[in-house]
Amino acid sequence: MTVRPVVRLPAAVLTRAALPLAAVDAVAAQLARDLVDTMRASPACVGLAAPQIGVGARAFVVDVSGHKKASRHHGEFVLFNPVVLLAGQPALAREGCMSVPDLTGDVPRATRVVVRGLTPTGEDRVLEVEGFEARAVLHEIDHLDGKTFLDRVTAHDAIFRRKVYR
């Protein structure tokens, strides 16, 4: 198990576009394991992108299966070189991020998305995700494009200090 440190803003790796993986090989498989291990070790985390662990590669993991907002989901999945094929109408909802741990914000995101990418075994996979899972996928793809949720908030007054629950 390899849990990697999560990078925080203003780290440069979070503000530049990640590079596509040339091949899904042993290095990519290790990156997938590191993403999964780091996500699992992070309480309440439902997704993590490679730039968040300091790797400028187009890869992410998502698993919203344990979240109360996830009515439908595909369980845990890792995608390399993801591409959004279709995005539905946006809805506004609150988001947070491990790379911006002290803030949350209201962000419009598509409620239905079709995304294509490669699995850690190199297979082509197309997923139709909706609701909270679609939000998580788009959040992680934003990281691959050098953006955080702060780049997508609706207005300055739509950014909030994260509440701490005891």
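**View 1. Both members of the R109–E95 pair are buried in this predicted model****.** The side chains of R109 and E95 meet in a salt bridge, with an N to O distance of 2.7 Å. This pair links distant parts of the chain, since R109 belongs to strand 5 (residues 100-110) and E95 to strand 4 (residues 90-97), 14 residues apart.

**View 2. R109 also forms a salt bridge with D142****.** The closest N and O atoms of R109 and D142 are 2.7 Å apart, and the pair connects strand 5, which holds R109, with helix 2, which holds D142, across 33 residues. Like R109, D142 is buried.

**View 3. A salt bridge joins E76 to R40, with the closest N and O atoms 2.6 Å apart****.** E76 lies in the loop between strand 2 and strand 3, whereas R40 lies in helix 1 (residues 26-40), so the pair ties together parts that are 36 residues apart in sequence. E76 is partly exposed, with a relative accessible area of 39%, and R40 is likewise partly exposed, with a relative accessible area of 47%.

**View 4. The largest nonpolar core comprises 20 residues****.** Within this core, F60, V62, V64, F77, V113, V115 and V137 touch the most other members. Two or more residues are given to the core by each of strand 2 (59-62), strand 3, strand 6 (112-118), strand 7 (124-130) and helix 2 (131-144), and the largest share, 7 residues, comes from helix 2. Another core, of 16 residues, lies apart from this one and has L48, I53, A59 and F80 among its members. In soluble globular proteins, nonpolar side chains tend to be buried together.

**View 5. V83, L85, L86 and V126 make a nonpolar surface patch of about 330 Å²****.** The largest share of the patch, 3 residues, comes from strand 3 (residues 77-87), and L85 is one of the residues that lie in this strand. L85 counts as partly exposed, at 47% relative accessibility.

Technical notes: Residues are numbered from 1 along each chain as its sequence is written. This is a predicted model: local features need pLDDT of at least 70, side-chain atom pairs count only at pLDDT 80 or more; totals for chains, interfaces and linings use all residues. Side-chain values use heavy atoms; hydrogens and water are left out. Patches are made of residues with over 30% relative accessible area and no salt bridge: like charges are joined within 9 Å, nonpolar side chains (Val, Leu, Ile, Met, Phe, Trp, Tyr) within 5 Å. Accessible areas come from the Shrake-Rupley method with a 1.4 Å probe; for residues, only the protein chains shown count as cover. A salt bridge is a side-chain nitrogen of Lys or Arg within 4 Å of a carboxyl oxygen of Asp or Glu. Helices (H or I, at least four residues) and strands (E, at least two) are DSSP runs, numbered from the N terminus. Buried means under 20% relative accessible area, exposed over 50%, partly exposed in between (1.4 Å probe, protein chains only). A nonpolar core is a set of buried Ala, Val, Leu, Ile, Met, Phe, Trp, Tyr and Cys residues joined through side-chain atoms within 4.5 Å.
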